[in-house]
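This briefing walks through selected features of one structure. The points are grouped by topic and can be checked against the sequence and the model shown here.

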Amino acid sequence: MTASGYLDVGGQRIRVTNLNKVLYPAAGTTKGEVIAYYQAIAPQMLPHVTGRPATRKRWPNGVGTEAEPSEAFFHKGLDAGSTPPWVVVAALRHDGGEKEYPLINDAATLVWLAQLAALEIHVPQWRVDTDGVAQNPDRLVLDLDPGDGATMAQCVELAHLVREVLDGAGMQCAPVTSGSKGIHLYAPLDGSLTSDEASDFAHHLARSLEAMRPDLVVSDMKKALRRRKVLLDWSQNNGSKTTIAPYSLRGRPRPTVAAPRRWEELTPDLAQLEFTDVVQRVEEDGDPLTELFPGADRLSTYRSMRDAASTPEPVPAGRPAGGAGNTFVIQRHQARRLHYDFRLEHDGVLVSWALPKGPPTDPRKNHLAVQTEDHPLEYATFEGDIPTGEYGAGHVDIWDAGTFELEKWRDGKEVIATLTGRPDGGLGGEPRKFALIHTGMGGEPKNWLIHLMDS
């Protein structure tokens, strides 16, 4: 990568400079590598930050060393004169007046902040609506922070204990190694609690666990009480506080990341992950947090792969509203190789699979189905030519479309539905029942098979 230049990200032209400057001396990580990381991780990170006013910590001169760390610049508001006009902002009122915060709703904004050496992105547990009004929190976060003399193994022990308690209360949670010393646990909320109520719930949980395991847990932030124990920090659910965002880099001596993990990884020898590890993990296994937060912006990946100014495909700016629709479409897609795109409406998007051999016509012969990014509902009527150089370049036409009757939908595992298409459609004008079953064959987590259940 050259020392400076321009990047085209989602249709926005961003000037990038000092790409060879080392921001993490201990690892030799350059600013160019930081920008490349944020551009690569955008599809996984955007669902967890979209609509959340972002506070940034910048290290324009690098993080320094463990012996001599550099000071960070903590930014809440924006400088209107230097903020690109395409950055979406939210105006929030503070005691000192109103400030505008960026909303990281697209990959271009994330890359622009990386160009400013904003290594750390911090966001609240609530979002703003389309009018910029703060909503109730949609997630709960617990920060398991080891005190002096405490270990990661103790954090792991507490994480499993919290999971057991929340499971008993009918709440699921997911772990994220913080990129610093401890573990964050995220649990979805349905939006019925205010920030104060969510904070009170977390505080009550922390005090209960402290009473249960006083040898392990402390709920008070006083350092004198935390020695050899793990602070269960409930306070980040306060509406005025923020937490390091999932997939954000940290301003530590090495380029560690707040990395979503799977529960089976939480063993006593658990370690923090660096950005190269995280990119490889999501390429191989996707984002563990999406299993717990399906209400996140499911179109962020779709948008990050398309330039609305260059493709005739629909590229809606807003998050899907959700719904209980039953639209399906099967499109014949003459791209680099001919395949068929099989799409079923679910949670306000078209959940999509690519079928290299098309829909099966014989119940005795199953076909490969490769799950792709969710598509907007508007895609159900799309036909046309995607230009050369754009993602999925080639001709698209509708092979069949209509409605379906759902029998089973187990996210990430199994879908059974009866499709009723057009009288002259590719399915032959008769109802057809298909089963989609996740197999992960070949070690590829996107691989499913599709089975015709009737002749």
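**Briefing**

Thr-276 has a relative accessible area of 45%, so it counts as partly exposed. The model is a predicted one.

**Thr-276**

- Thr-276 sits in helix 5, which spans residues 275–285.
- Between the C-alpha atoms of Thr-276 and Asp-454 the separation is 46 Å, and the two residues are 178 apart along the chain.

- Helix 2 covers residues 107–115 and is mostly covered, with nine of its nine residues buried.
- Among the buried residues of helix 2 are Thr-109, Trp-112 and Leu-113.
- The elements that cover these buried residues include strand 1 (5–9), strand 2 (12–16), helix 1, strand 5, strand 9 and helix 6 (300–304).
- Ala-117 follows helix 2 and has a positive phi, near 65°.

**Helix 1 against helix 2**

- Helix 1 and helix 2 have axes 9 Å apart and pack at an angle of about 155°.
- Because the angle is over 145 degrees, helix 1 is roughly antiparallel to helix 2.
- The crossing of helix 1 past helix 2 is right-handed.
- On the helix 1 side, the residues in contact are Lys-31, Val-34, Ile-35, Tyr-38, Gln-39, Ala-42, Met-45 and Leu-46; on the helix 2 side they are Ala-107, Leu-110, Val-111, Ala-114 and Gln-115.
- Sorted by class, this contact of helix 1 with helix 2 holds ten nonpolar, two polar and one charged residues.
- As a general point, an α-helix has 3.6 residues a turn, so residues three or four places apart point the same way.

**Helix 3 against helix 4**

- Helix 3 (residues 152–168) packs on helix 4 (residues 195–212) at an angle of about 120°, and their axes are 12 Å apart.
- This angle makes helix 3 oblique to helix 4.
- Helix 3 passes helix 4 in a crossing that is right-handed.
- Helix 3 contributes Leu-161, Val-162, Val-165 and Leu-166 to the contact, while helix 4 contributes Phe-201, Leu-205, Leu-209 and Met-212.
- The contact of helix 3 with helix 4 has eight nonpolar residues, no polar ones and no charged ones.

**Salt bridges**

- The model has a count of 20 salt bridges.
- One of them joins Asp-138 to Arg-52, with the closest N and O atoms 2.9 Å apart.
- Asp-138 is in the loop between strand 9 (118–123) and strand 10 (139–146), and Arg-52 is in the loop between helix 1 (31–49) and strand 5 (55–58), so this pair ties together parts 86 residues apart in sequence.
- Asp-138 has 22% relative accessibility and therefore counts as partly exposed, whereas Arg-52, at 2%, counts as buried.
- Arg-343 and Asp-341 also meet through their side chains in a salt bridge, at 3.1 Å from N to O.
- Arg-343 is buried with a relative accessible area of 2%, and Asp-341 is buried with 5%.

Conventions. Residues numbered from 1 in each chain as written. Predicted model: local features only at pLDDT ≥ 70, side-chain atom pairs only at ≥ 80, totals over all residues. Heavy atoms only, no water. Axes fitted to C-alpha atoms, helices over the stretch in contact; angles between N-to-C directions. Helix = DSSP H or I, 4+ residues; strand = E, 2+ residues; numbered from the N terminus. Parallel < 35°, antiparallel > 145°, perpendicular 65-115°, else oblique. Left-handed = near helix turned anticlockwise from the far one by under 90°. Contact = heavy atoms within 4.5 Å. Nonpolar A, V, L, I, M, F, W, Y, C, P; charged D, E, K, R; others polar. Salt bridge = Lys/Arg side-chain N within 4 Å of Asp/Glu carboxyl O. Buried < 20%, exposed > 50% of the residue type's maximum accessible area, 1.4 Å probe, protein only.
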